[in-house]
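Good morning, and thank you for coming.

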Amino acid sequence: MSNNHDELVTSGDPMHPANLICSLCAKFYEKDWCLGTGGGISIKDPHTNHYFIAPSGVQKELMRPTDLFVVEGTDNNKELNVDDVTFVRKPPGLKPSDCTPLFLTCFKELDVGAVIHTHSSNAVLASLLYDDFFEISHIEQIKAMPSDKWDPVANKYINLLFQDTLRIPIIDNKNFEYELTDDLLEVCKKHPHSCAVLVRRHGIFVWGSTIAKAKIYNESIDYLLGLAIQMRQLGLPTVKPSI
Ligand SMILES: [Zn+2]
């Protein structure tokens with residue numbers, strides 16, 4: 001066993017975080033969400049408390065599990081230090097994703113299981129059509145999105161209903177990805193039930209309690225963003241006025 005803990009990223013299970021990050025990055029590349037090394041994915045292994053982080057500068061469709069960085073969380077995520085990250089696995093010759101401070105902020109502050117960052121053209125375009133929030137209502141796909149409504153019987157938050165309005169905060173871009181950390185944190189504290197933040201002229205961050213949920217939210221949001229862009233082109237409001 002090497003000193004670089006290759007065992008942390010070596011598994012025959014396609015659902016292992018290291019394998020999932022590579023397969024999802026390749027799929028996201030095909031959808032033009034992560035071109036030219038932009039974007040990234042980070043997943044927490046709920047069983048080991050390890051955080052798997054994609055490298056910087058590696059083409060997404062060519063990423064291998066051995067390219068991944070691993071951070072070990074302690075004390076229920078609260079020990080993650082965004083300013084001075086300690087990696088238990090560091091692939092030689094690679095740097096961690098520029099999004100690492102943003103990913104760790106989401107894990108630490110929101111207690112999520114996975115974060116997806118894309119440079120989707122729908123996200124970039126929609127961020128130019130709205131000021132502080134992207135908003136859309138009365139579209140079936142909204143029902144895939146989480147809400148702030150607690151169901152005491154099911155003992156969980158329920159998803160939005162067809163007639164509800166999905167609101168996603170928008171923050172302005174900065175020259176360097178890490179410079180977005182404070183703004184991301186501030187907007188997350190103001191809107192603790194949001195599962196995404198748009199970054200104007202840049203892309204989107206989406207998170208969920210599991211990578212499956214984050215993936216569903218990301219796909220649903222991208223569809224809704226694309227729909228909203230077309231609705232605005234047709235002169236249609238994306239939030240249906242109340243009668
Ligand atoms: Zn980015």
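The model before you is predicted, and within it seven aromatic pairs are counted. One of them joins Y130 and F134 in an edge-to-face arrangement, with 5.1 Å from centre to centre and 75° between the planes. Both of these residues, Y130 and F134, are buried.

Another pair is formed by W150 and Y157. Their ring centres are 4.9 Å apart and their planes meet at 75°, so this pair is edge-to-face. W150 counts as partly exposed because its relative accessibility is 45%, which falls between the cut-offs of 20% and 50%. Y157, at 42%, is likewise partly exposed.

Let us now turn to the metal. Which residues coordinate the zinc ion? They are H117, H119 and H202, each through NE2, and E177 through OE, at 2.0 to 2.3 Å. The angles among the four donor atoms run from 80 to 174°, and the site is irregular. Along the chain, the donors follow the spacing H-x1-H-x57-E-x24-H.

Finally, a word on annotation. An unreviewed UniProt entry lists E140 under "active site". In this model, E140 lies in the loop between strand 8 (133-137) and strand 9 (146-151).

Definitions and conventions: Residues are numbered from 1 along each chain as its sequence is written. This is a predicted model: local features need pLDDT of at least 70, side-chain atom pairs count only at pLDDT 80 or more; totals for chains, interfaces and linings use all residues. Side-chain values use heavy atoms; hydrogens and water are left out. Donors are N, O and S atoms within 2.8 Å of the metal (3.2 Å for Na, K and Ca); water is not among the atoms, so sites may look incomplete. Four donors count as tetrahedral if all angles lie between 85 and 135 degrees; four count as square planar and six as octahedral if opposite donors are over 155 degrees apart and all others between 65 and 115; anything else is irregular. UniProt positions are given in the numbering used here, feature names are shortened, and annotations may be inferred rather than shown by experiment. Helices (H or I, at least four residues) and strands (E, at least two) are DSSP runs, numbered from the N terminus. Rings of Phe, Tyr and Trp (its six-membered ring) pair if their centres lie within 6.5 Å; planes under 30 degrees apart count as stacked, over 60 as edge-to-face and the rest as tilted. Buried means under 20% relative accessible area, exposed over 50%, partly exposed in between (1.4 Å probe, protein chains only).
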